[in-house]
Amino acid sequence: KGTRLRFDKWKWFSKIGYEPHWFQRELHASPARFKAIFGGSGVGKSISAAREGEPYALEPRQTVWIVGNTYELASKEFQYIWDDFERSGLLKAATHTANDSRHGRMFVEFPWKSGVYAKSAENPESLLGSPVNCLILAEGSQLKEDTYQRYLLRAVNRCGGYIINNTTPKGYNWQYETFYIPGQVEINGEPNPKYDPNHWSS
């Protein structure tokens, strides 16, 4: 049985004053399990990835991970989530919180047994643990494929969870084949034989 979001994300977006532009709206509207945002800096990748993940933490017993190659990389999406929770008043409802990227302590836990946790892939063994309902990859192209396959994908697949991959392109590395190609209905105007409806990419 997979993770299904019952919370109305669009009402949440309205509550926090978020008005996604066209590609962000496509991201949020897609039902795909694996969503990838490829683009340069300043296009809104991090904020849209963070806000796609936020509603999961508003439902009972959901685990949201933000994983970067370093804590510093993971901190950007975490800070967006922290700020939205603070602005909406949700942070006051949290049972445990920390926002210290320097020492790698970034998390928000709620009494309904859900939480958001920023993680670093510098120590892959630290990524072992419970199933992950929503995984945000912060600059995913900087992660090692082995780390993704052995630790992160397994954690998500344990509960049929979702992945939001936010990254600046890094040539045609493993992310291109794993996330970009399967998410394209067409390539160069022709039907893509590798298209997978479980994927969405921009």
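This briefing describes the sheet, the helices packed on it and the salt bridges of the structure above.

The model is predicted, so that local features need pLDDT of at least 70 and side-chain atom pairs count only at pLDDT 80 or more, while totals for chains, interfaces and linings use all residues. Residues are numbered from 1 along each chain as its sequence is written, and side-chain values use heavy atoms, with hydrogens and water left out. Helices (H or I, at least four residues) and strands (E, at least two) are DSSP runs, numbered from the N terminus.

**The sheet**

- Eight strands form an open sheet in the order E3-E4-E5-E2-E6-E7-E1-E10, with mixed pairing, where two strands pair if DSSP finds at least two bridges between them.
- Strand E3 (96–100) and strand E10 (199–201) are the edge strands, each pairing on one side only.
- Neighbouring strands of this sheet are turned by 15° against each other on average, direction ignored; axes are lines fitted to C-alpha atoms, for helices over the stretch in contact, and angles run from 0 to 180 degrees between N-to-C directions.

**Strand E7 and its neighbours**

- Strand E1 (residues 34–38) runs parallel to strand E7 (residues 162–167) and is joined to it by five bridges, with alanine 36 opposite asparagine 165 and phenylalanine 38 opposite threonine 167.
- E6 also runs parallel to E7, again through five bridges, and here alanine 138 stands opposite asparagine 166.
- Six of the six residues of E7 are buried, where buried means under 20% relative accessible area, exposed over 50% and partly exposed in between, with a 1.4 Å probe and protein chains only.
- Tyr162, Ile164 and Asn166 point one way from E7, whereas Ile163, Asn165 and Thr167 point the other way.
- In a regular strand the side chains alternate between the two faces of the sheet.

**Helices on the sheet**

- Helix H4 (residues 71–88) lies across E2, E3, E4, E5, E6 and E7, and runs at about 165° to E5.
- E6, H5 and E7 make a right-handed β-α-β unit, a crossover being right-handed if, with the strands pointing away from the viewer, the path from the first strand over the helix to the second runs clockwise.
- Helix H5 (residues 145–157) has a kink of about 25° centred on tyrosine 151, the bend at a residue being the angle between axes fitted to the seven residues ending there and the seven starting there.
- The buried residues of H5, among them Tyr148, Tyr151 and Leu152, pack against E1, E2, E6, E7 and helix H6 (174–180), with contact meaning heavy atoms within 4.5 Å.

**Salt bridges**

- The count comes to six salt bridges, each defined as a side-chain nitrogen of Lys or Arg within 4 Å of a carboxyl oxygen of Asp or Glu.
- Aspartate 84 and arginine 51 meet in a salt bridge at 2.8 Å, N to O; because aspartate 84 lies in helix H4 and arginine 51 in helix H3 (residues 45–57), the pair ties together parts that are 33 residues apart in sequence.
- Both aspartate 84 and arginine 51 are buried.
- Aspartate 84 also forms a salt bridge with arginine 87, the closest N and O atoms being 2.4 Å apart, and arginine 87 is exposed, with a relative accessible area of 53%.
- Within H5, aspartate 146 and arginine 150 form a salt bridge at 3.5 Å, N to O, and these two residues lie four residues apart, about one turn of the helix.
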